[in-house]
Every structure is written in structure tokens, then in C-alpha cells.
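Visitor: I've got a fold open on my screen and a few things I'd like to ask about it. Could you walk me through them?

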Amino acid sequence: MATDFKFIPLIDVSPLLEKWDHPNITQDEGVAQVVRQLDQACREAGFFYVKGHGIPDSLMKDIKNIAREYFHQPYEEKIKIKLSAETGYRGYQRIGENVTKGVPDKHEAIDCYREVNHGMYEGLGDVMQGSNIWPSNPPNFKQLMEVYIDRCTDLSRKIMRGIALALGGSADEMEGEIGGDPFWVFRIIGYPAASISNGHDKAHDDVGCGAHTDYGLLTLVNQDDGIVALQVRNKLGEWISAPPIPGTFVCNIGDMLKILSNGIYESTLHRVINNSPKYRVCVAYFYEPNFDAAVEPLDVCLQKTGGTKNFEGAVYGKHLVSKVTTNFIM
């Protein structure tokens, strides 16, 4: 459960990535230290930075640069890949189309999901059926994003193995029927520069994205350097800034991990307010359970919390569809 934390911790995950599939992973002191840090961060904040993650800084920058190039095109060009129910809720949404708790958000975005083919997951996947629709401009957009998604999927799986150990389970505790065939969500987001009030150099607190928790297991946030906009709420109700640290991801846990941990870890409220005079780009990758996973508290977590389930179980795909179909003004 979130505490009255005042900052977001930074974790070097390189020892975990080096030994992630080693049969004696639990006996490695470097891994043990990462596991302890993950446990503390997930218990106290639900947020942490990671460095030593192995994804080149050049790729992280290229992703943001090509996203910015897309968003800076004329609206008529961007709308060619417009999001709709017919596209499986994939594609571009203009500023104000995404809503959080009924309030329009001040951002534009491209939404992507793991491909869902006809008949997958029986009827559960019908709403999400389709392939991602990528812009033809800038060139190489699709190829670059797909390489990046693959790298994020691999990294997330390895971090989740560390989190499984932190909860007292085996490294593969959250694979198999829970996350052995993980779904993913990917959002490429642009936040306009702050508006100026009454001719004064005073920016409005324009909410780029309203307070929310994430839906799945783990989120990797690749945010613009030099712009402080992401805020995380602590137990006291204070909004703690998560300023960008070059070369790192900001990570946070989602609703499904809260259920799996039976509340030992909690998905923490966060929001985005861009008060900068600069346009801000953020690329968020969401690592999720299997689409059809029935998510219940893990036995190891039930034992740690007195044996009583603190949360109702959820089928991940149903949870996602309930959110996706109500998050937009179409």
C-alpha cells in the first residue's frame, strides 16, 4: 500500500537481467538486492525508475523523436489513422477525445494493442479484434515502434520475474496461465505546451491526463527529458513529481498486480500536468496478463495477508474492454 513517500526510488536492474533465467537465481546476491529494492518500491510507492535495463538510450530517443515528428504534422495527415470501434480501438485520437472519469484529457495519442485475430479468446476478444494501424509518415514509424515494443516486452517479463520473487513466489510465479502469453498495450502520447492565462506568463494547470491507475501488471514510461509533468499521489494526498532521469524508465504497477498480490502492492494514482512551454512526448508500454487470464490473489500472497481475499478476481480481457470502450468521446 502506498505510503507518504516523497520521491520515486531508482533501481539498477542489470543484475536481475543478467541472471533472470539462471536456475540458482535466488542465491545471487546482486539479484537479491534488486528484489529487495523492487519489494520496497512496490510496497511504498508503486512507482520506481529503472536503469541498467539494456534498451539503448539511442532507441529511447529515436522513439520520442519520431513520435514528435508525427504529432507535428497537420491534423489532416494524423487523422488518416483515426481510432474507432471499427479499428478495434486502435489509431489516432485528437486532443480531448480521451477521457478520464468523464473529463476530457489534454493530449493526443496513438493507441496500439497486441494483435487480436478473429476467434481468439472466443467472444472475449471481439471488441479488440484487429491489427494496429500505423502512419505512413514519418517513414520507418511502424518498424521502429515494433522493435521497441519487442524490447519492452522482454524487459517487462524479466522485471516481473523479480517482482514475483519479491512477493515470495518463484521467478515464474506470474507466467503460465497468468502471464505466459502476455497481452500488451502501447500508447504514444503528445501533450501540448501549457496555455498562457490573461497575457501573463502564468500557465494553467491543464490536465494532460487525469488521475488514474493502470490496468495491468507493469508500465514502462519513456518520457521527454527536461519536462516535469508526471505526478504520483502518496498516502497523504500529496502529488509527488516524477521528473525525467535521462536513460531510465519510470515504472509503475497496475490493477492486476494489486489483485495478484492481494493488496501487498497497490496500483498508485497518477496524473500528467504539462506546465512547460514545450510540447511533451511520452511513450508508455503496458505489460499485461494473458488476455483471457482469470486473475486471483496468489496463494503465496494470501498466506502473507491472513488467508482472506481482499479483492474480487477479474478476467483481464473483460477489465480491459470495460475501460477501453468508455475512455473515448467518439
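Predicted model: local features only at pLDDT ≥ 70, side-chain atom pairs only at ≥ 80, totals over all residues.

Visitor: What volume does the largest pocket have?
Guide: On a 1 Å grid over the protein atoms alone, a pocket is an open set of points where a 1.4 Å probe fits, with protein on both sides within 12 Å along at least five of seven lines; lining residues have an atom within 4 Å of a point. Points are joined across faces, edges and corners, and the volume is the space filled by probe spheres set on them. For the largest pocket that comes to about 650 Å³.

Visitor: Which residues are closest to the centre of the largest pocket?
Guide: There are 38 residues in the lining. They split into 18 nonpolar, 12 polar and 8 charged, where Ala, Val, Leu, Ile, Met, Phe, Trp, Tyr, Cys and Pro count as nonpolar, Asp, Glu, Lys and Arg as charged, and the others, Gly among them, as polar. Closest to the centre are Cys209, His212, Thr213, Asp214 and Tyr215.

Visitor: Which element gives the largest share of that lining?
Guide: Helices (H or I, at least four residues) and strands (E, at least two) are DSSP runs, numbered from the N terminus. Elements giving two or more residues to the lining include β8 (207-212), β14 (280-290) and α9 (316-324). The largest share, 5 residues, comes from β14.

Visitor: How many disulfides are there?
Guide: A disulfide needs two cysteine sulfur atoms within 2.5 Å. The sulfur of Cys112 is too far for a bond, because the closest cysteine sulfur, in Cys152, is 12 Å away. Cys209 is in no disulfide either, with the nearest cysteine sulfur, that of Cys282, 9.3 Å away. The search of the whole structure gives 0.

Visitor: Is His319 buried or exposed?
Guide: Buried means under 20% relative accessible area, exposed over 50%, and partly exposed in between (1.4 Å probe, protein chains only). His319 is in helix α9, and its relative accessibility is 18%, so it counts as buried.

Visitor: With which side chain does the His319 side chain make a polar contact?
Guide: Leaving out residues up to four places away in sequence, His319 touches Tyr215, Asp255 and Met256 (contact means heavy atoms within 4.5 Å). A polar contact is a pair of N or O atoms within 3.5 Å; within protein, one must be able to donate a hydrogen and the other to accept it, and residues adjacent in sequence count only if both atoms are side-chain atoms. At 3.3 Å, the partner is Asp255.

Definitions and conventions
Residues numbered from 1 in each chain as written. Heavy atoms only, no water.
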